[in-house]
Amino acid sequence: MELHHCRVETSMKVINVGVIGAGRIGIVHLEALASCADAKPIIISNPTVSKAQAAAEKYNVPEWTANADDVINHPDVDAVWICSPSSFHADQIKACAKAGKHVFCEKPIATDMAETIEAINACAAANVKLMTALQRRFDPNFARVRQAIEAGEVGELVQVKLCSRDPSPPPFQYVKGGGGIFCDMAVHDLDMSRFLMGSEPKKILAVGSCHIDKSIKTLPGPEAYDTATIIVEYEGGRTATIDVCRQAPYGYDQRAEALGTKGMILTDNMYPNTARLYLKDFTGNADMPFDFFMSRYKEAYIQETLAFCKALVEDLPSPCSGEDGLMALIMSVAAGMSAEQNRWVEFSEIPEVRACTDPAHCKIIDPIEFALEATHNL
Ligand SMILES: NC(=O)c1ccc[n+]([C@@H]2O[C@H](COP(=O)([O-])OP(=O)(O)OC[C@H]3O[C@@H](n4cnc5c(N)ncnc54)[C@H](O)[C@@H]3O)[C@@H](O)[C@H]2O)c1
């Protein structure tokens, strides 16, 4: 697929970027930054410094280091791309805020709600922008579905259906301590349901089960599931139905459907080309669909980079805020509660949800205030 070159039309200034983490997603973002004329990575860190060096050499990044603090405190860095494992995100965001650096953070902002709120507050207090990298919002296919809904092309929205299946399950060690299927995987779909519905969710019902790698059955809570089905109810009883599974033998499966009163819009899987084969015993696409997130969402990663750079250059709000990241986490946690307790969970049951009162401009309040309020309400 021909990729667009990412250029912010009105840009006057090149954003100097520091990248933390040279793993899978770190490389994806270096790739995206390489096609963005308005942002230039100038330093990258990874504790195994040889990984940082290899990435720096491949993508022409002039400096590399083992220490993330060198990136955060580099005098020439304007914005930091956090691509480290999730457990480091909150502290690294807070350090960026302290150093006055804007932050582009891979999902999740943090693995826990109080830390997420602290990280968001730190950025707000330091007046630096924070972006949660929920890249599906920037995928041209999903974006077109949202555009159709917003423009009323399918009439009044009635139902949303999302399907997300990975090609094969991750290793046991990844699943263990990884937060479970809702926080680690379905978080993208939960966010997408909210993005497409364009309103705040009311309640959620989820079930999970294990069918593929049975060894994970010994893990706690949603870590024991490799398959899940979720219903999210929005205003007026409208629902989004989500099904996720860690294995699809035919590859990475990412589809969405929105039914309205005038019609329906759907987006299918993406293929590297449109060639189709017609044989005696087969008709269909000549090649398999894109096989995982690195190739399937390549354009989305570029578009989210472009959108954040534009926000930095033109001083616009973050195109996917910390509060959006918090809401996605809240939805994932609520899905886990629902599956464990076998019941609908109302979002009003989760005190942190009160941090997001308005979908566009969530007001984050102090986590200590939440805790006090929660105790008071017992
Ligand atoms: N948006 C998406 O589609 C998507 C896809 C994959 C991963 N992610 C997110 O990206 C993050 C990283 O995932 P990954 O798949 O690249 O993992 P990974 O294990 O491939 O890479 C992480 C890298 O960070 C390095 N690292 C460890 N501690 C560090 C520290 N303190 N500072 C800097 N670097 C450190 C590791 O050595 C490794 O090279 C996770 O938070 C994950 O949730 C998002």
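**Figure 1. Ala335 and its contacts in the predicted model.** Not counting residues up to four places away in sequence, Ala335 touches Phe182, Ala186, Leu190, Ile204, Ala206 and Ile230, where two residues are in contact if their C-beta atoms, placed from the backbone, lie within 7 Å. This is a predicted model, in which local features need pLDDT of at least 70 and side-chain atom pairs count only at pLDDT 80 or more, while totals for chains, interfaces and linings use all residues. Residues are numbered from 1 along each chain as its sequence is written.

**Figure 2. The largest nonpolar core.** A nonpolar core is a set of buried Ala, Val, Leu, Ile, Met, Phe, Trp, Tyr and Cys residues joined through C-beta atoms within 7 Å; a residue is buried if 20 or more other C-beta atoms lie within 10 Å of its own, exposed if 12 or fewer, and partly exposed in between. The largest such core has 102 residues, of which Val80, Ile93, Val103, Ala186 and Ala335 touch the most other members. Helix 8 gives the most to this core, with 11 residues. Because domain 1 (15–136 + 301–321) and domain 2 (140–296) both give residues to the core, it lies between them; these domain bounds come from an automatic or database domain assignment. In soluble globular proteins, nonpolar side chains tend to be buried together.

Figure 3. Helices (H or I, at least four residues) and strands (E, at least two) are DSSP runs, numbered from the N terminus, and two strands pair if DSSP finds at least two bridges between them. Seven strands form an open sheet in the order 12-11-7-10-9-8-15, with mixed pairing. Strand 12 (264–267) and strand 15 (345–346) stand at the edges with a single partner strand each, so one side of each is left without a neighbour in the sheet. Helix 8 (residues 180–197) lies across strand 7, strand 8, strand 9, strand 10 (239–245) and strand 11, and runs at about 150° to strand 10. For such angles, axes are lines fitted to C-alpha atoms, for helices over the stretch in contact, and angles run from 0 to 180 degrees between N-to-C directions.

Figure 4. Strand 8 (residues 203–209) and strand 9 (residues 227–233) run antiparallel and are joined by seven bridges; in strand 9, Ile230 is the bridge partner of Ala206, and Ala228 is that of Gly208. Strand 9 also pairs with strand 10 in the antiparallel sense, over seven bridges, and here Val232 stands opposite Ala240. Strand 9 and strand 10 form a hairpin with five residues between them, and Gly236 in the turn has a positive phi of about 70°.

**Figure 5. Helix 4 and what covers it.** Helix 4 (residues 89–98) is largely enclosed by the rest of the structure, because eight of its 10 residues are buried. The buried residues are His89, Ala90, Gln92, Ile93, Lys94, Ala95, Cys96 and Ala97. Among the elements that cover them are strand 1 (15–20), helix 3 (68–72), strand 4 (79–82) and strand 5 (102–106). Just after helix 4, Gly100 takes a positive phi of about 75°.

**Figure 6. Helix 5 packed against helix 11.** Helix 5 and helix 11 (residues 322–341) pack at an angle of about 175°, with their axes 10 Å apart. They are therefore roughly antiparallel to each other, since angles under 35 degrees count as roughly parallel, over 145 as roughly antiparallel, 65 to 115 as roughly perpendicular and the rest as oblique. Residues of helix 5 including Met113, Thr116 and Ile117 meet residues of helix 11 including Gly322, Glu323 and Gly325.

Figure 7. Most residues other than glycine have a negative phi, and most peptide bonds are trans. Asn60, in the loop between helix 2 (49–58) and strand 3 (63–65), has a positive phi of about 55° although it is not a glycine. Asn342 likewise has a positive phi of about 55°, and its place is in the loop between helix 11 and strand 15. A cis peptide bond, with omega about -10°, joins Lys107 and Pro108, and Pro108 lies in the loop between strand 5 and helix 5.
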